[in-house]
Amino acid sequence: MKAVLSLTALQLLASYVTALPLQDSSLTKNVKRQNTSSWNPPSELVTPLNEVWEHEMSTYSDPLGFRNYGFDQVIDGKGKINYCVRWDSTQSVTQAQREQVETAVRRSFNKWIGELAGFDGFPYDTVDVNVVGWAVKDKALLQGDTSGVEVYTTTDEEGIPQCDPGCGRFFHQDNDYSACAAGADRHYDQSLWLTDGFEGGAGGDWGQRIGQEYFMQNLELEDIHILLHEMGHTFALDDFYDWTPTGQTSFIMLAGSAMKITEFDAWMARDWWRHLKSRYSL
C-alpha cells in the first residue's frame, strides 16, 4: 500500500472530495476566451496564481526536480498513456463496461490535455489513452472477451489486486521494462484504482483511486469531477484544504467546489508546463 500510494515525498498525494451533486452555476457564464498561446492569464488571476506557485514551491519536496509528473509521462510516451485498472471489488464487470471505463478515462485525461493544447509549445492536442490491463481478485469477475488486455491476479502486501509492478512506470521511472512479462509496449504509466465503498479519492504520479460505485455509476458523464480532481494531482496540482487563493472559490482542485475544470485550474496547469518545458527536447 505504501509503495503504491507514495508520491516520492511530494505532498500532493491524497485528496478526499465529496461525491455529492454540486451547485456550480459560475461555470455556465459566457466569458470571452482568453488568449492561451502564451503566459497571459486574466488580470484577476495573476495574484492567486502567484500565490499558488509560491505555496507549491515552498511546500513540495524538490518540485522542479521531480520527474514523474503527468507532463513527463506524456512527453516520454510521445503522446500515449497506458493505464491498468486495479479492480478492488467483488463485483463482476462486463466487456461493455470495461470499454466504457477506457472511454471515460481517455475522455477525462484529455480534459486536462485540452487545457494545455496550444499553450507555450505544448506538443499535443490530444493524448492516446488506453487501458492495457486489469488486476482482479478472480479472473471470473471479468465477463466476456479479455483477449485485448493483460489480466493480473497478483496482489500487493495488503492482498489488494495489483497490476504487475514489473510493468509499472511508478516502479520503473528509468523506462526499463525488461522485467515486464507482457512486454514494454504493454507497460502501464498509471493505475486507475477502483475500490468498493471508497469515499472521495486520491491521486498522484502513480494514478488515481476513487470509489468503484461512484465511478461506474458516472461512466457516461462528460465530467467525472472526482476523477478530474485526482488527475489534477497527477499534473502536479495541489489541494486547498487550509487556504484558498485570493478571489477563488470554485475550481476543480478546491475539493467539492466545482464539477469541471475551470479557467483557474487550467492556468495552474499551464504554470507548471511553462516551468517544466525546458527539461524536454522539443
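1. Basis. The model is predicted, so local features need pLDDT of at least 70 and side-chain atom pairs count only at pLDDT 80 or more, while totals for chains, interfaces and linings use all residues. Residues are numbered from 1 along each chain as its sequence is written, and side-chain values use heavy atoms, with hydrogens and water left out.

2. Overall make-up. The chain has seven helices and seven strands; helices (H or I, at least four residues) and strands (E, at least two) are DSSP runs, numbered from the N terminus. Their order from the N terminus is α-β-α-α-β-α-β-β-β-β-β-α-α-α. Of the 282 residues, 54% count as buried, where buried means under 20% relative accessible area, exposed over 50% and partly exposed in between (1.4 Å probe, protein chains only).

3. Contacts and surface. A contact means heavy atoms within 4.5 Å. Among contacts between residues at least 6 apart in sequence, 70% join residues at least 24 apart. The accessible surface of the chain comes to about 12200 Å², and 47% of this belongs to carbon and sulfur atoms. These areas come from the Shrake-Rupley method with a 1.4 Å probe; for residues, only the protein chains shown count as cover.

4. Strand β3 and its neighbours. Strand β3 covers residues 128-135, and seven of its eight residues are buried. Two strands pair if DSSP finds at least two bridges between them. β3 pairs with strand β2 (residues 80-88) in the parallel sense over seven bridges, and I81 stands opposite V129 in β3. The chain passes from β2 to β3 through helix α4 (residues 95-116), a β-α-β crossover that is right-handed; that is, with the strands pointing away from the viewer, the path from the first strand over the helix to the second runs clockwise. β3 also pairs with strand β4 (residues 150-152), again in the parallel sense, over three bridges. There, A135 stands opposite Y152 in β4.

5. Aromatic pairs. Rings of Phe, Tyr and Trp (its six-membered ring) pair if their centres lie within 6.5 Å; planes under 30 degrees apart count as stacked, over 60 as edge-to-face and the rest as tilted. The count comes to 19 aromatic pairs. The rings of W87 and W134 have centres 5.7 Å apart and planes at 55 degrees, so this pair is tilted. W87 is in strand β2 and W134 in strand β3, 47 residues apart, and the pair links distant parts of the chain. Both W87 and W134 are buried. For F122 and Y124 the centres are 6.4 Å apart and the planes at 80 degrees, so the pair is edge-to-face. F122 is buried at 6% relative accessibility, whereas Y124 is partly exposed at 22%. Ring pairs place F122 and Y124 in a cluster with F71, F109, W112, F235, W273 and Y280.

6. Charges over rings. A charge sits over a ring if NZ of Lys or CZ of Arg is within 6 Å of the ring centre and within 35 degrees of the ring normal. R209 places its charged end over the ring of W193, 3.9 Å from the centre. R274 lies over the face of W39, at 3.9 Å from the ring centre.

7. Helix α6. How many of the ten residues of α6 (residues 225-234) are buried? The count is ten of ten, and H225, E230 and H233 are among them. Just after α6, A236 takes a positive phi of about 80 degrees.
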